[in-house]
Amino acid sequence: MTTQYLDLFARLIEGSDGGRREFLEIGRLAGSFPAASVRTDGQTADPDSISVWCSNDYLGMGQHPSVLDAMKKAVDKYGAGAGGSRNIGGTNHYHVLLEKELAALHGKDDALLFTSGYTANDGALSVIAGRMEGCTVFSDALNHASVIDGLRHSRAQKQIFRHNDFAHLEELIAADDPDAPKLIVAESVYSMNGDIAPLPEIADIAKRYGAMTYLDEVHAVGMYGPEGAGIAARLGIADDFTVIMGTLAKGFGTTGGYIAGPTEVIEAVRTFSRSFIFTTALPPAVAAGALAAVRHLRSSDAERQRLWSNAQLMHQLLDERGIPFISDQTHIVSVLVRDEDVCKRMSAALLERHGIYVQAINAPSVPVGAEILRVAPGAVHTADEVRGFVDALDHIWEEVGHARVPAAPAG
């Protein structure tokens, strides 16, 4: 390869809004998470030297004994990999059991597994939106990159409504051809803001205008609703959403994605989705671990209660100290810094001086000028650890001289 091509990619990296990305090499310690080991310059630090505060394993199910035991047994019985795509020798009984469990969790006819949440959205939406001739898709402005890619691959006409603005959604959908197929796509919990979509209003608009609905519950499944079925289930309106999409990589602590919905829709996606057909299936051990996690969380509220208790405590403590964050609706606590350099400095100081790992989030994950520390107090943290985290953040906040917000008046 000639130097001119290498120079081109070097300039591309240096010219990006977020700059060069750096990754911290950590080892989450089974049985001790949120404790983790960290490697720097080829050296492993004391295993207890850092505490993780930005993991998406919100409930700690990736370390749960029942999940680990199920995976070990499946490895011993079936080996490491699936051996092929689902169509060609890659469908294991654990895949079938997990799909049935997920369909039951959401009260839907059927479910379909994908190798990740990203491929689930990409693969499902490319078929659902793309195979309905003349379909117009109405998509929230802050929908995930995987949703954007799935709709792009569908080649369907798109209308973007302002984030969580159901009045704007109705304005757009009312102006569309009343006889044309319509699909509304939204997330229940938004991954960077931590806010919740106005699902009752979206469901009502869908009914009145005859639209199909697709709800991404990635940051809600496991954590909210009866048996961990998500925000729509918590509101009692899961039946109003045609397709529910979720992940196994967050609340359920493993990896993979899925959709649940009517048999006809699931079968169409199974038949035509390129990201489902042309990839190796999830390893049976992963499916077995995910199945154990789903079953456990369908029968246990303890993890959800600890998660929300820790989130509420952090909201309260940040408010008391005047440290701004975007939303108090969920367990995703996005501390609003609004400066890339300051955000990175805060993240580095928390790690180096307090052994606290929370990642600075900058462009393109968030717009320039909206940089955040995306904090995720989990079910695995204690109340004292939450207090210690906020104390450490408060000290760093003071040192960098960042602005504070007045505390909300009592009552």
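1. In this predicted model, the second largest cavity has a volume of about 40 Å³. Its lining is formed by Phe33, Val52, Trp53, Cys54, Ser55, Asp57, Tyr58, Ala376, Gly378, Val380 and His381, and these residues divide into 7 nonpolar, 3 polar and 1 charged.

2. The search of the whole structure that located this cavity finds 2 cavities of 30 Å³ or more, and the largest cavity has a volume of about 80 Å³.

3. The largest cavity is lined by Arg86, His95, Leu113, Phe114, Thr115, Ser275, Phe276, Thr279, Thr280, Ala281 and Leu282. At least two residues of that lining come from strand S5 (110-114), and at least two from helix H10 (274-277). By class, the lining of the largest cavity holds 5 nonpolar, 5 polar and 1 charged residue.

4. Turning to the chain as a whole, its secondary structure comprises 14 helices and 15 strands. The radius of gyration is 22 Å, close to the 22 Å given by the globule rule for 411 residues, and the chain is therefore as compact as a globular protein of that length. Along the principal axes, the C-alpha atoms fill a box of roughly 60 × 60 × 55 Å.

5. Of the 411 residues in the chain, 52% are buried, while the accessible surface comes to about 18,400 Å², with 51% of it belonging to carbon and sulfur atoms. Among contacts with a separation of 6 or more, 70% are between residues 24 or more positions apart.

Methods:
Residues numbered from 1 in each chain as written. Predicted model: local features only at pLDDT ≥ 70, side-chain atom pairs only at ≥ 80, totals over all residues. Heavy atoms only, no water. 1 Å grid on protein atoms, 1.4 Å probe; cavity = no way out; pocket = protein on both sides within 12 Å on 5 of 7 lines; lining within 4 Å. Points joined across faces, edges and corners; volume = space filled by probe spheres on them. Helix = DSSP H or I, 4+ residues; strand = E, 2+ residues; numbered from the N terminus. Nonpolar A, V, L, I, M, F, W, Y, C, P; charged D, E, K, R; others polar. Rg over C-alpha atoms; globule rule 2.2 N^0.38 Å. Buried < 20%, exposed > 50% of the residue type's maximum accessible area, 1.4 Å probe, protein only. Contact = heavy atoms within 4.5 Å. Areas by Shrake-Rupley, 256 points an atom, 1.4 Å probe, with all protein chains shown as cover.
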